[in-house]
Amino acid sequence: MARTKRFVIAGGGRVGKQTAENLVEQGHEVLLIESDAERVEALSDAYIGPVIHGDATRPSILEQADLSEADAIAALTDEPGTNLAICMEAQQYAPSIRTIARAETETDQEYGEVVDATLLPEYLGGDYAADILTGEDIRTLVYPTADLDIIEVSVAPSAPVAGRRLDEIALPSGSLLISTGDRTELAGAETVLEPDERYILAVETDVVDEVLNLMRG
């Protein structure tokens with residue numbers, strides 16, 4: 001059974017709330033930090049986890065969050081500069097803490113120096129952020145509907161599909177391998193699923209586990 005982890009989410013807007021809810025659904029503990037009083041009230045009413053009312057860039061607020069006991073912190077406010085500041089301040093309290101910051105572009109040079117991962121606008125779903133925080137090797141790229149998920153997953157070296165061509169693999173009905181993880185080419189019959197490479201798939205919800213067993217072993 002996976003270990004229960006503890007996460008701090010700074011920013012209780014749509015993405016922050018969705019991320020927190022997703023983590024709780026996975027069995028993890030979440031503490032939220034939010035500066036807006038109305039959002040604090042709404043988050044408290046949602047019973048997702050403890051909520052601190054305050055500015056997460058302030059040392060006194062981060063101190064209340066007890067970062068030394070957290071596995072990761074996600075700075076998901078609407079302001080990229082604020083998110084960087086939160087992550088930098090968090091690392092002063094807990095140097096080994098995993099950090100994720102909501103960013104605007106992938107080319108912002110300063111992000112790689114102060115955060116472990118960034119969440120770009122095209123991936124602003126709480127499920128994707130939760131995957132990054134937990135360190136899962138399976139990432140949901142589109143917030144799932146009731147029937148369909150778009151996921152990115154790497155092929156484990158010991159997986160049944162590792163090293164095999166797509167036309168040699170019997171993917172379950174209701175699943176489609178779309179492209180390589182870098183999105184440089186569409187998948188075709190001759191596509192070889194290389195070990196440790198990432199691939200994007202469209203998968204109906206009821207066959208997700210079956211597909212992941214093939215890809216991850």
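At 29% relative accessibility, valine 192 counts as partly exposed, because buried would need under 20% and exposed over 50%. Keep in mind that this is a predicted model. Valine 192 sits in the loop between β9 (175-180) and β10 (198-204). Setting aside residues up to four places away in sequence, valine 192 touches Gly163, Arg164, Arg165 and Tyr199. There's also alanine 162 to look at: 30 residues separate it from valine 192 in sequence, and 8.1 Å separate the two in space, C-alpha to C-alpha.

β9 and β10 run antiparallel, joined by 5 bridges. Within that pairing, serine 179 stands opposite isoleucine 200 in β10. As for cover, β10 is mostly hidden, with 5 of its 7 residues buried.

Now for the chain as a whole. It holds 7 helices and 10 strands, and 47% of its 217 residues are buried. Take the contacts with a separation of 6 or more: 56% of them come from residues 24 or more positions apart.

With 14 residues, α4 reaches 21 Å from its first C-alpha to its last, close to the 20 Å expected at 1.5 Å a residue. The buried residues of α4 are Pro80, Asn83, Leu84, Ile86, Cys87 and Ala90. Looking down the axis of α4, you'll find these buried residues within an arc of 160°, so they line one face of the helix. The general rule behind this is that an α-helix has 3.6 residues a turn, so residues three or four places apart point the same way. Over on the other side of α4, Gly81 and Gln92 are exposed.

Asparagine 83 counts as buried because its relative accessible area is 0%. Its side chain takes part in these pairings:

| Side chain of | Partner | Distance |
|---|---|---|
| Asparagine 83 | Side chain of threonine 77 | 2.7 Å |

The largest nonpolar core has 21 residues, and Val8, Ile33, Ala65, Leu67 and Ile73 touch the most other members. Two or more residues each come from β1 (6-10), β2 (29-34), α3 (59-64), β4 (72-75) and α4. Which element gives the most to this core? That's α4, with 4 residues.

Leaving aside its neighbours within four places in sequence, leucine 67 is in contact with Val8, Leu62, Ile73, Ala90, Tyr93, Ala94 and Ile97. There is a second, separate core too, with 19 residues, including Ala156, Ala159, Leu177 and Val211. In soluble globular proteins, nonpolar side chains tend to be buried together.

Key. Residues numbered from 1 in each chain as written. Predicted model: local features only at pLDDT ≥ 70, side-chain atom pairs only at ≥ 80, totals over all residues. Heavy atoms only, no water. Buried < 20%, exposed > 50% of the residue type's maximum accessible area, 1.4 Å probe, protein only. Polar contact = N/O pair within 3.5 Å; in protein donor to acceptor, adjacent residues only side chain to side chain. Expected span 1.5 Å × (residues − 1). Arc of directions from axis to C-beta. Core = buried A, V, L, I, M, F, W, Y, C linked by side-chain atoms within 4.5 Å. Contact = heavy atoms within 4.5 Å. Pairing = 2+ DSSP bridges.
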